[in-house]
Amino acid sequence: MSYELPENVIVLPQTNQLRGLYSIIRSKNTHRSDFVFYSDRIIRLLVERGLDQLPVEPLAVETPLNVQYDGCKFLGKICGVSIVRAGESMEQGLRDCCRSVRIGKILIQRDEETALPKLFYEKLPEDIAERNVFLLDPMLATGGSAILATEVLLKRGVKPERIFFLNLLAAPEGIKAYNDKFPDIKIITGGVDPKLDDKKRIYPGLGDFGDRYYCI
């Protein structure tokens, strides 16, 4: 699929380090312990890149040498919202970067009769409308679950410009579907694969992320 990425899609710099990490987690021969370790490294990079997008204000501090340093501080509180279950794998990476961060959860599963995503459960901080929200889901394939989860956030009063969707791997079809629906929301991804295959899997992809992270 030939698709020019929108301006609101931020892809991690494809350095040799990052390509090496993806080579490990894409390999079908990688054992679960290594898959988890190197996925966590990528997740940390995604969170750091997401934090770069948050608004700041100037802050002057005094160093131990009694010299003023003109820095900055974040504006607003942060909240992570994981799409259960694979998205829960990204929670620790957010906690590692943000102390005492609040975490919400949204459970979405495919309806067997309609084959469409259906909301089964949500647990979000009461003040989520006042927070910057990192929506966490490792894979952006068709975009169905992410779109439904984002609609939940918007109904709870979260402004689109305060939502940042983090994922390890995306397909052009999913990016287009999500961006067409929410053009003001930033997508921060580790990489974009060429397409979905005939079973709606990211191709060449890395398999079922949740299974590889938690089970295999």
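Six helices and 13 strands make up the secondary structure of the protein, which is presented here as a predicted model.

**Overall dimensions**

The protein has a radius of gyration of 18 Å; this agrees with the value near 17 Å that a compact globule of 216 residues would have. Taken along the principal axes, the box filled by the C-alpha atoms is roughly 65 × 40 × 35 Å. Among contacts with a separation of 6 or more, 65% join residues 24 or more positions apart.

The following table lists further whole-protein values.

| Property of the protein | Value |
|---|---|
| Share of the 216 residues that count as buried | 43% |

**Charged side chains**

The protein carries 30 positive and 30 negative side chains. The centres of these two sets lie 3 Å apart.

One residue may be considered individually. Asn167 belongs to strand 9, which covers residues 163-167. Is Asn167 buried or exposed? Its relative accessibility is 0%, and Asn167 therefore counts as buried, since buried means under 20% relative accessible area.

Which residues does Asn167 touch, not counting residues up to four places away in sequence? Its contacts include Leu46 and Met90. Asn167 also touches Asp137, Pro138, Met139 and Leu140, as well as Ile187, Ile188, Thr189 and Gly190. Asn167, a residue of strand 9, is thus described by its place, its burial and its contacts.

Key
Residues are numbered from 1 along each chain as its sequence is written. This is a predicted model: local features need pLDDT of at least 70, side-chain atom pairs count only at pLDDT 80 or more; totals for chains, interfaces and linings use all residues. Side-chain values use heavy atoms; hydrogens and water are left out. Helices (H or I, at least four residues) and strands (E, at least two) are DSSP runs, numbered from the N terminus. The radius of gyration is taken over C-alpha atoms; the globule rule is 2.2 Å times the number of residues to the power 0.38. Buried means under 20% relative accessible area, exposed over 50%, partly exposed in between (1.4 Å probe, protein chains only). Contact means heavy atoms within 4.5 Å. Lys and Arg count as positive and Asp and Glu as negative; His and the chain ends are not counted. The place of a charge is taken as NZ of Lys, CZ of Arg, CG of Asp or CD of Glu.
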